[in-house]
Amino acid sequence: MRRVVQFSTGNVGQHSLRAVIGRPDLELVGVHAASPDKIGRDAAQLCGLTEPTGVIATDDLDALIALRPDCVVYTALGETRPMEALEQMSRILAAGINIVGTSMVWLVTPRQLDDWLRVPLEKACAQGNSSLYVNGIDPGYSGDTAVHAALSLVTRAESVTIKEVFDYGNYDDAEYTGAAMGFGTAPDDDLPMAFQPGVIVAMFGGLVRNLAAALGVELDDVRQRFEPWYTPERIECAMMTVEPGRLAGVRFAAEGVRGDRPVITVEHTTRLTPAAAPDWEYPPNGLDGVHMVIVEGEPRIELTTHLSHPVLDVTEAGCVSTAARAVNAIDWVCDAPAGLIALEDIPPTAMIRGLMW
Ligand SMILES: NC(=O)c1ccc[n+]([C@@H]2O[C@H](COP(=O)([O-])OP(=O)(O)OC[C@H]3O[C@@H](n4cnc5c(N)ncnc54)[C@H](OP(=O)(O)O)[C@@H]3O)[C@@H](O)[C@H]2O)c1
């Protein structure tokens, strides 16, 4: 039985919390909450369960560390507060507690990390003899597990393209995702934060370089491209209302090139409602959002992943799967050698142990 602390109960964290409570091989011993209205509440309430757990949410990290859990599931939003998240993770690791998580998406490819993130985390792992593993669905599954599965079916690969084709209309996050991607902005406004020079490569280039390293391929460059789509009609959705002439679709990619030819591409086509960007690719078969891997090779492979759920929409189902990528690794990570763990370090079957009970 692994003793687990859940750190945060947002979009992803409420699902990892539910998973930890549900699994017979994991014991929930603590929950972190940052929001004042969550502190003091039972963990069950914070993830929509009715039967109390007796575990009460706190913002006292030292008290959670003092519980001596085997593992912390760290799903607090990290990218907007990287130094604070780094400091919290380092304290946990240095205290000898392992972390699985979804935050700080650069950590999905730890061998591609910049020193500001890698050095303090490696030091904390060494100090605490602990390990850290971060993954998700995209980045994460779509660029590692799915690609490995697709490439296992070819005798030669000429190129690999990883695509997310998604409608973010139902994603109620205008403040962070909406603003970063520039939805609702005009053509002569500043370039959205996510598409400024170098930012796509900073977010997704690690994935491209990591795959190149795994394939044993030398890239000449990793570059980025971005196309906006401005709506002629008003678009209304949960994310926001977009007035005519404003941004309601984006297509962007990080491309690993040999010569001038992209050989490893990570591309996102993101629209607000199906009305946006009608000339761009839609998910196949009328689906609402997919992750795809396309290998041009011998033979050609097209692998499409679509999530669905009887109650949750596809975006929330993605949060469940993101939570799964962290929680399913707890057992293995708790016995792993100290340091930063990548998906490729973990035997695939180690991730499925405990899933069926
Ligand atoms: N790779 C993937 O596929 C993927 C997919 C989805 C998300 N993610 C990543 O997973 C992380 C969580 O995403 P999300 O959508 O769940 O985020 P979110 O709901 O926006 O935020 C998660 C939580 O962050 C906590 N938080 C905010 N400020 C904090 C602070 N100062 N100290 C401690 N905690 C703080 C809040 O905790 P409380 O609830 O306690 O107030 C909030 O609920 C992000 O880093 C995101 O990039 C990755």
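**View 1. T102 reaches the ligand with its side chain.** Here a polar atom of the T102 side chain sits 2.8 Å from a ligand oxygen, a polar contact (N or O atoms paired within 3.5 Å). This is a predicted model, where local features need pLDDT of at least 70, side-chain atom pairs need 80 or more, and totals for chains, interfaces and linings use all residues. Residues are numbered from 1 along each chain as its sequence is written, and side-chain values use heavy atoms, with hydrogens and water left out.

**View 2. R81 pairs up with E84.** Their closest N and O atoms are 2.8 Å apart, making a salt bridge (a side-chain nitrogen of Lys or Arg within 4 Å of a carboxyl oxygen of Asp or Glu). R81 is partly exposed at 22% relative accessible area (buried is under 20%, exposed over 50%, partly exposed in between; 1.4 Å probe, protein chains only). E84 is partly exposed as well, at 44%.

**View 3. R225 and E255 join two strands.** The salt bridge between R225 and E255 has its closest N and O atoms 2.6 Å apart. R225 sits in strand 8 (residues 221-230) and E255 in strand 11 (residues 247-258), so this pair ties together parts 30 residues apart in sequence (strands are DSSP runs of E, at least two residues, numbered from the N terminus). R225 is partly exposed at 28%, whereas E255 is buried at 8%.

Terms used
Polar contact = N/O pair within 3.5 Å; in protein donor to acceptor, adjacent residues only side chain to side chain. Helix = DSSP H or I, 4+ residues; strand = E, 2+ residues; numbered from the N terminus.
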